[in-house]
Amino acid sequence: MAFFQKFMKIKYRIKKQEEFQTIIGKRKSLANAAYVIYYQPKSEPWCRVGISVGKKLGIAVKRNKYKRQCRMIIHEILEFDDFPYDIIIILRNKFIKQSYLDNKKDLESLLNKVTII
């Protein structure tokens, strides 16, 4: 059971295209070289996260790897019950070129900006 607790739970994920479109449609966003974040006030008692990786970033195996890495970064940074927004994270080309720690710092700084705004 401890193995599965390491990963981001499914109830914290946004999977449906309609939910992606409603959050992106609100047009509240922040960006840096590695990420674009769209956000809206959360609709559940906990925040939810959706991750999107474009086809330009590689074949499906690599895109899935990047999503897993991003999920682990989110799991390390985010307190799902305390964070006030549902967010969509879109990975950019710079994500591939940076190290895990640099990606973590970039995402952490963006999430801090979201909570300040």
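**Figure 1. Tryptophan 46 and its aromatic partner tyrosine 12 in the predicted model**. Tryptophan 46 has a relative accessibility of 21% and counts as partly exposed, because buried residues are those under 20%. Tyrosine 12, with a relative accessible area of 12%, is buried. The ring centres of tyrosine 12 and tryptophan 46 are 6.4 Å apart and the ring planes stand at 80°, so the pair is edge-to-face. This assignment follows because planes over 60 degrees apart are classed in that way. Tyrosine 12 belongs to the loop between α1 (2-5) and α2 (17-25), and tryptophan 46 to the loop between β2 (35-41) and β3 (49-53); the pair thus links distant parts of the chain, 34 residues apart.

**Figure 2. The aromatic cluster of Tyr12, Trp46 and Phe80**. These three residues, Tyr12, Trp46 and Phe80, form one aromatic cluster. The structure as a whole holds 6 aromatic pairs, and the edge-to-face pair of tyrosine 12 and tryptophan 46 is one of them.

**Figure 3. The aromatic pair of tyrosine 35 and phenylalanine 95**. The two rings are edge-to-face, with 5.7 Å from centre to centre and 75° between the planes. Tyrosine 35 is located in strand β2 and phenylalanine 95 in helix α4 (residues 94-97), so the pair ties together parts that are 60 residues apart in sequence. Both tyrosine 35 and phenylalanine 95 are buried.

**Figure 4. The open sheet of 4 strands**. The strand order is β1-β2-β4-β3, and the pairing is mixed. At the edges stand β1 (29-31) and β3, each with a single partner strand, so one side of each has no neighbour in the sheet. On average, neighbouring strands are turned by 15° against each other, direction ignored.

**Figure 5. Pairing of β2 with β4**. Strands β2 and β4 (residues 85-91) run antiparallel and are joined by 7 bridges. Valine 36 stands opposite isoleucine 90, a residue of β4.

How values were computed: Residues numbered from 1 in each chain as written. Predicted model: local features only at pLDDT ≥ 70, side-chain atom pairs only at ≥ 80, totals over all residues. Heavy atoms only, no water. Phe/Tyr/Trp six-rings, centres within 6.5 Å; stacked < 30°, edge-to-face > 60°. Helix = DSSP H or I, 4+ residues; strand = E, 2+ residues; numbered from the N terminus. Buried < 20%, exposed > 50% of the residue type's maximum accessible area, 1.4 Å probe, protein only. Pairing = 2+ DSSP bridges. Axes fitted to C-alpha atoms, helices over the stretch in contact; angles between N-to-C directions.
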